[in-house]
Amino acid sequence: MAGGSFYMVSNEENSFFCVGSTANLRVRMWQHKNKYYPHTYAARYTLNKLVYYEHFSSREESLKREEFVRRQKRTWKEDLIATKNPKWTDLYEVLLAEEY
């Protein structure tokens, strides 16, 4: 993919989550799931469940989306997740099945 992706990951209990953007979401999710960066917030709280993502045609767009969402309150982010993933299931397998 030439662009970028915005994403949100959560722990199994959905008590913690974080937002991010990346040029390669498949690789980034593998890193989250395998705690590739063990000293990060995501690794510390086992944030390895992909609960929301969007693809963009440019990396700049995905970064702008991340910055916008990061400034929102938690309830706004939870509502955003619920629009596409009301059960907060792990979308990793869906991502892997996509052609993009």
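Predicted model: local features only at pLDDT ≥ 70, side-chain atom pairs only at ≥ 80, totals over all residues.

1. Let's start with helix H1 (residues 25-33), where Leu 25, Arg 28, Met 29, Gln 31 and His 32 are buried. Viewed down the axis, these residues fall within an arc of 155°, so they line one face of H1. Their cover includes strands E1 (4-10), E2 (17-22) and E3 (49-56), along with helices H2 (41-44) and H5 (92-97).

2. Have a look at both ends of H1 too. At its start, a side-chain oxygen of Asn 24 comes to within 3.2 Å of the backbone nitrogen of Arg 26. Just after the helix, Lys 35 has a positive phi of about 50°.

3. Helix H4 (residues 74-84) buries Lys 77, Leu 80 and Ile 81. Their arc around the axis is only 95°, which puts them on the same side of H4. That buried side packs against E1, E2, E3 and helix H3 (59-70), while Thr 75, Asp 79 and Thr 83 are exposed on the face turned away.

4. Now for the rings: there are 7 aromatic pairs. Phe 6 and Tyr 52 are edge-to-face, because their planes stand at 65°, with ring centres 6.2 Å apart. Phe 6 is in E1 and Tyr 52 in E3, so this pair ties together parts 46 residues apart in sequence. The charged end of Arg 65 also sits over the Phe 6 ring, 5.9 Å from its centre.

5. Elsewhere, Phe 17 and Trp 88 are both buried.

Key. Residues numbered from 1 in each chain as written. Heavy atoms only, no water. Buried < 20%, exposed > 50% of the residue type's maximum accessible area, 1.4 Å probe, protein only. Helix = DSSP H or I, 4+ residues; strand = E, 2+ residues; numbered from the N terminus. Arc of directions from axis to C-beta. Contact = heavy atoms within 4.5 Å. Polar contact = N/O pair within 3.5 Å; in protein donor to acceptor, adjacent residues only side chain to side chain. Phe/Tyr/Trp six-rings, centres within 6.5 Å; stacked < 30°, edge-to-face > 60°. Lys NZ or Arg CZ within 6 Å of the ring centre and 35° of its normal.
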